[in-house]
Amino acid sequence: MIKTLSKVLVIAAHQDDETIGCAGTIKRLTDQGTTVDVVFVTSGDTGIDHSGDYSSDNIISVRNTEAMAAKQILGWDSTISLGIKTQCVQNTQELFHRMIKVIRECKPDLVITHADVDKHRDHRNISEIVKEACWKANELIHPELGEVHKIKDLWAMEILDLLPRTDYIIDITETYESKVKALSVYNSQQDIIDGIFNHVDGMAKVRGHAIGKKYGEAVM
């Protein structure tokens with residue numbers, strides 16, 4: 001399934017979503033030579049553990065530095081930051097057009113983004129924007145947004161809410177250790193979601209068990 005992909009675009013709301021949702025898949029793809037680009041839609045400005053050493057003055061730079069460390073572990077190619085304020089993602093024409101432009105510029109075979117069943121408003125809104133942008137990127141409109149491009153598939157990843165169904169489960173047994181290492185570099189986020197490592201481990205084991213493997217990542 002993923003062996004035929006030459007270019008993949010991951011569109012995530014926040015710095016760490018790409019790791020929670022599909023780090024094992026990213027690492028499998030990059031290990032086989034697939035180019036993976038990652039888009040962070042928000043700046044991550046509200047992801048502050050108020051009991052720790054982070055504040056609104058430094059959290060954006062901290063989270064971007066953490067994302068670059070995750071990039072080194074997982075091996076993705078380019079990082080695109082749209083800089084929208086966290087919890088302020090809206091389905092506006094401006095953001096919709098920016099998403100079309102990114103898709104047309106990156107020209108991915110596959111796009112991986114959020115599911116529309118997620119509790120987080122940024123995740124749900126991004127899901128809707130990306131679905132429409134993938135469709136519109138293939139239409140002969142808005143030449144100022146780049147050359148028309150048609151993707152082969154669009155997947156939704158799991159973050160904190162289990163998907164109601166799974167279309168594919170990717171075996172990440174060989175890359176699960178890289179997923180844990182990448183999650184470990186997001187030091188600023190580890191106390192915000194209690195038990196995140198247990199959640200990721202449990203989810204990967206459940207999805208892996210469904211396909212007879214040790215660890216897996218589900219998409220729909």
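At what angle do helix α1 and helix α5 pack? The angle is about 135 degrees, and the two axes lie 8 Å apart; α1 covers residues 17–31 and α5 covers residues 176–184. Helices here are DSSP runs of H or I with at least four residues, strands are E runs of at least two, and both are numbered from the N terminus. An axis is a line fitted to C-alpha atoms, for helices over the stretch in contact, and angles between N-to-C directions run from 0 to 180 degrees.

Before going on, a word on what you're looking at. This is a predicted model, so local features need pLDDT of at least 70 and side-chain atom pairs count only at pLDDT 80 or more, while totals for chains, interfaces and linings use all residues. Residues are numbered from 1 along each chain as its sequence is written, and side-chain values use heavy atoms, with hydrogens and water left out.

Back to the first pair. α1 and α5 are oblique to each other, given that angles under 35 degrees count as roughly parallel, over 145 as roughly antiparallel, 65 to 115 as roughly perpendicular and the rest as oblique. On the α1 side, Thr19, Ile20, Gly21, Cys22, Ala23, Gly24 and Lys27 meet Ser178, Lys179, Ala182 and Leu183 of α5, where contact means heavy atoms within 4.5 Å. Sorted by class, that contact has five nonpolar, four polar and two charged residues. Ala, Val, Leu, Ile, Met, Phe, Trp, Tyr, Cys and Pro count as nonpolar, Asp, Glu, Lys and Arg as charged, and the others, Gly among them, as polar.

Next, follow α5 across to α6. Their axes are 11 Å apart and the packing angle is about 160 degrees, which makes α5 roughly antiparallel to α6. This crossing is right-handed too. Tyr176, Lys179, Val180, Leu183 and Ser184 of α5 touch Ile196, Phe197, Val200, Asp201 and Ala204 of α6, a set with seven nonpolar, one polar and two charged residues.

Elsewhere, helix α3 (residues 93–106) and helix α4 (residues 121–136) cross at roughly 55 degrees, their axes coming within 9 Å. That pair is therefore oblique, and the crossing of α3 and α4 is right-handed. Residues including Phe96 and Met99 in α3 meet residues including Ile129 and Val130 in α4. The contact counts nine nonpolar, no polar and three charged residues.

Now for the empty space. Rolling a probe the size of a water molecule over the atoms shows where space is left. On a 1 Å grid over the protein atoms alone, a cavity is a set of points where a 1.4 Å probe fits but cannot get out; a pocket is an open set with protein on both sides within 12 Å along at least five of seven lines; lining residues have an atom within 4 Å of a point. Grid points are joined across faces, edges and corners, and a volume is the space filled by probe spheres set on the points.

The whole structure has two cavities of 30 Å³ or more. The largest holds about 80 Å³, and among its lining residues are Ile20, Gly21, Lys179, Val200 and Ala204. α6 gives the largest share of that lining, four residues. The second largest cavity, about 50 Å³, is lined by Asp16, Ile20, Leu183, Tyr186, Gln189, Gln190, Ile193 and Ile196.

Finally, the largest pocket contains about 340 Å³ of space. Of its 19 lining residues, His14, Asp17, His120, His123 and Ile193 are closest to its centre. The whole lining divides into five nonpolar, eight polar and six charged residues.

Methods. Left-handed = near helix turned anticlockwise from the far one by under 90°.
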